[in-house]
Amino acid sequence: MALFNAALGATVARPLRGGEAARMLLWRNILVYRRAWLVFITGFLEPVFYLFSIGIGVGAMVVGFEYAGKPVDYREFVAPGMIAASAMNGSLLDATFNFFFKLKYNKLYDQMLATPLRTADIAVGEILWNQLRSGIYVTAFLLIMVAMDLVHSWWAILVVPAALLIGSAFGAVGMALTTYMSSWQDFEKVTLAMMPMFLFSATFFPITAYPEWLRWVVEVTPLYRGVVLCRELTLGVPSWGSLISVVYLLAFGAVGLVVVRRRLDSLLLT
């Protein structure tokens, strides 16, 4: 907090310009985590292990696999799904557990509001941090895919901004939901929602494997939209599904941002 106040000291004499306060909060998080690089490594390794165990291990027994009418290796099918899951996990970790601690126990945001920062700046600043964390995970994972010869299209370059979109969407909604939580036990509900979404988001098998009624349920989940977007980009087969996913995630994140801003107003300013 001292570093944050020191950085803010040079600007208290004038109003902060649009976006400047949010960037300062982003910088504050970077300073806090600069010595906690091990946290990033552990969060990154989980999808890598999934890729090795399922995409490669199980994939050795899967033959004749197709996607969008073209034959692909099973690991090429699984890897983009793990990218989306990695972006989600990297964002939600900070948007739920860490955000809850800073909001309820550390009272960090109460201190920030004694400065020119507003609740909107806090929400946007934390989402920027969620995006950065997701972007780091996904960039590293994408490099592994390139090294393993799992990327065959220049469309894959757009996976990184797609991951930032996924991270911001899950970050905003994650923070919005966290503002309604009153104890650490409430986070069991987060795990209860994340695990089925991860397993049934068409990460490990195509959506056509589901019954018709379940397929509609899966297709409206945010992780599935992220999986579709990343998969079509890495395989070089973008379609209307990619555009639908972009619009969906933008709307999903916008709703979360509005809710978290109003909830922070209610919790911290009244």
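Residues 24 or more positions apart account for 78% of the contacts in the protein chain with a separation of 6 or more, a contact being defined by heavy atoms within 4.5 Å. The model is predicted, so that local features are given only at pLDDT of at least 70 and side-chain atom pairs only at pLDDT 80 or more, whereas totals for chains, interfaces and linings use all residues. Residues are numbered from 1 along each chain as its sequence is written, and side-chain values rest on heavy atoms, with hydrogens and water left out.

The secondary structure of the protein chain comprises 11 helices and two strands, taken as DSSP runs numbered from the N terminus (helices, H or I, at least four residues; strands, E, at least two). From the N terminus, the order of the elements is α-α-α-β-β-α-α-α-α-α-α-α-α. Of the 270 residues of the protein chain, 49% count as buried; here buried denotes under 20% relative accessible area, exposed over 50%, and partly exposed the range in between (1.4 Å probe, protein chains only). The accessible surface of the protein chain amounts to about 13,000 Å², and 69% of this area belongs to carbon and sulfur atoms. Accessible areas were computed by the Shrake-Rupley method with a 1.4 Å probe, and for residues only the protein chains shown count as cover.

Helix H4 (residues 74-105) contains 32 residues and reaches 45 Å from its first C-alpha to its last, close to the 46 Å expected at 1.5 Å a residue. The expected span is 1.5 Å times one less than the number of residues in the helix. A kink of about 35° in H4 is centred on asparagine 98, the bend at a residue being the angle between axes fitted to the seven residues ending there and the seven starting there. H4 is mostly covered, with 24 of its 32 residues buried. Lysine 107, which follows H4, has a positive phi. This residue is placed in the loop between H4 and H5, and its phi is near 55°, a positive value in a residue other than glycine. Lysine 107 counts as partly exposed, at 42% relative accessibility. A positive phi, of about 65°, also occurs at alanine 202, which is not a glycine. Alanine 202 is found in the loop between helix H8 (187-199) and helix H9 (212-219) and counts as buried at 3% relative accessibility.

The structure holds 16 aromatic pairs. Rings of Phe, Tyr and Trp (its six-membered ring) are paired if their centres lie within 6.5 Å; planes under 30 degrees apart count as stacked, over 60 as edge-to-face and the rest as tilted. The rings of phenylalanine 99 and tyrosine 109 have centres 5.4 Å apart and planes at 40°, and the pair is therefore tilted. Because phenylalanine 99 lies in H4 and tyrosine 109 in helix H5 (residues 108-112), this pair ties together parts that are 10 residues apart in sequence. Phenylalanine 99 is buried at 1% relative accessibility, and tyrosine 109 is buried with a relative accessible area of 0%. One aromatic cluster is formed by Phe97, Phe100, Phe101, Tyr105, Trp184 and Phe187.

Charged groups are also placed over aromatic rings, the criterion being NZ of Lys or CZ of Arg within 6 Å of the ring centre and within 35 degrees of the ring normal. Arginine 231 lies over the face of phenylalanine 77, at 3.6 Å from the ring centre. The charged end of arginine 263 sits over the ring of tyrosine 180, 4.0 Å from its centre.

Helix H7 (residues 159-178) has 20 residues and reaches 28 Å from its first C-alpha to its last, close to the 28 Å expected at 1.5 Å a residue. Since 16 of the 20 residues of H7 are buried, this helix is largely enclosed by the rest of the structure. Glycine 256, located in helix H11 (residues 240-268), touches Ala172, Val173 and Ala176, residues up to four places away in sequence not being counted. The C-alpha atoms of glycine 256 and alanine 172 are separated by 4.6 Å, although these residues are 84 residues apart along the chain. Glycine 256 is buried, with a relative accessible area of 4%. Asparagine 130 is located in helix H6 (residues 119-147) and is buried, with a relative accessible area of 0%. Apart from neighbours within four places in sequence, asparagine 130 is in contact with Ser91, Asp94, Ala95, Gly167, Gly171 and Met175.
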